[in-house]
Amino acid sequence: MSVYSAEYIDAATLTVTTGSTSQQVFAKNIHRKALLIQNPVDASESLFVNFLSDAGATNGSIELGSGGTLNMPQGMVLSMQKVSVTAATTGHRFIAKEGV
């Protein structure tokens, strides 16, 4: 049995700074061990997440509805690329944690 260990850090900004505009949450990190992005259960709109390009509602981003979670736990396939998010409304809250 393998035992994994990661220290989680929060993103520097946990709200959308400008509605409908992609913002980087985490930079590319080849040492990333885990990743968690969540749209709060009380959210009234979707949160969009992307690794390959800027996040957006129409460009193939991952859509997280209210309460939706993107969880890349340690020991699973994990993106090392930058992580970006967006939502329609400025000030939209989200949860973002990176395991290092």
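**Entry 1**

Is Ser-20 buried or exposed? I looked it up in what is a predicted model: the relative accessible area of Ser-20 is 57%, and the cut-off for exposed is over 50%, so Ser-20 counts as exposed. Ser-20 sits in the loop that links β1 (8-10) and β2 (23-26).

Ser-20 has a positive phi of about 60 degrees, although it is not a glycine. Most residues other than glycine have a negative phi, hence my note.

**Entry 1: stepping back to the whole chain**

I counted zero helices and eight strands. Reading from the N terminus, I get β-β-β-β-β-β-β-β. The radius of gyration is 13 Å, close to the 13 Å that the globule rule gives for 100 residues, so the chain is as compact as a globular protein of that length. Along the principal axes, the C-alpha atoms fill a box of roughly 45 × 25 × 25 Å.

I also looked up burial: 40% of the 100 residues are buried. Then contacts: of those with a separation of 6 or more, 78% are between residues 24 or more positions apart.

In which order do the strands β2, β4, β5 and β7 form their open sheet? I read β2-β7-β4-β5, with antiparallel pairing. At the edges I find β2 and β5 (62-64), each pairing on one side only. On average, neighbouring strands here are turned by 35 degrees against each other, direction ignored.

I zoomed in on one pair. Strand β4 (residues 47-50) and β5 run antiparallel and are joined by three bridges. Val-49 stands opposite Ile-62 in β5.

**Entry 2: another sheet**

There is also an open sheet of four strands in the order β1-β8-β3-β6, and its pairing is antiparallel. β1 and β6 are at its edges with a single partner strand each, so one side of each has no neighbour in the sheet. Neighbouring strands in this sheet are turned by 15 degrees against each other on average, direction ignored.

Here I picked β3 and β8 (residues 95-99): they run antiparallel, with five bridges between them. Ile-37 has Ala-96 in β8 as its bridge partner.

**Entry 3: the nonpolar core**

Which residues touch the most other members of the largest nonpolar core? Phe-26, Leu-35, Ile-37, Leu-47 and Val-49 do, out of 18 residues. I then checked which elements give two or more residues to this core: β2, β3 (34-38), β4, β6 (69-72) and β7 (83-86).

I followed Ile-37 further. Leaving out neighbours within four places in sequence, its contacts include Phe-26, Leu-47 and Val-49. Leu-64, Leu-70, Val-83, Val-85 and Ile-95 are also among the contacts of Ile-37.

**Entry 4: around Ser-22**

Back to the loop between β1 and β2, where Ser-22 also has its place.

How far apart are the C-alpha atoms of Ser-22 and Val-85? They are separated by 5.6 Å, although the two residues are 63 residues apart along the chain.

Next I looked at what the Ser-22 side chain does. It reaches the backbone nitrogen of Ala-55 at 2.9 Å, and it makes a polar contact with the side chain of Ser-84 at 3.5 Å. The side chain of Ser-84, in turn, has a polar atom 3.0 Å from the backbone nitrogen of Ala-55.

**Entry 5: two residues of β7**

Ser-84 lies in strand β7. Its relative accessibility is 1%, so Ser-84 counts as buried. Not counting residues up to four places away in sequence, Ser-84 touches Ser-22, Val-25, Phe-48, Asp-54 and Ala-55, among others.

Thr-86 is in strand β7 too, and at 3% relative accessibility Thr-86 counts as buried. The Thr-86 side chain reaches the backbone oxygen of Thr-21 at 3.1 Å. With residues up to four places away left out, I find Ser-20, Thr-21 and Ser-22 among the residues that Thr-86 touches. That takes me back to Ser-20, the exposed residue I began with.

How values were computed: Residues numbered from 1 in each chain as written. Predicted model: local features only at pLDDT ≥ 70, side-chain atom pairs only at ≥ 80, totals over all residues. Heavy atoms only, no water. Buried < 20%, exposed > 50% of the residue type's maximum accessible area, 1.4 Å probe, protein only. Pairing = 2+ DSSP bridges. Axes fitted to C-alpha atoms, helices over the stretch in contact; angles between N-to-C directions. Core = buried A, V, L, I, M, F, W, Y, C linked by side-chain atoms within 4.5 Å. Contact = heavy atoms within 4.5 Å. Polar contact = N/O pair within 3.5 Å; in protein donor to acceptor, adjacent residues only side chain to side chain. Rg over C-alpha atoms; globule rule 2.2 N^0.38 Å.
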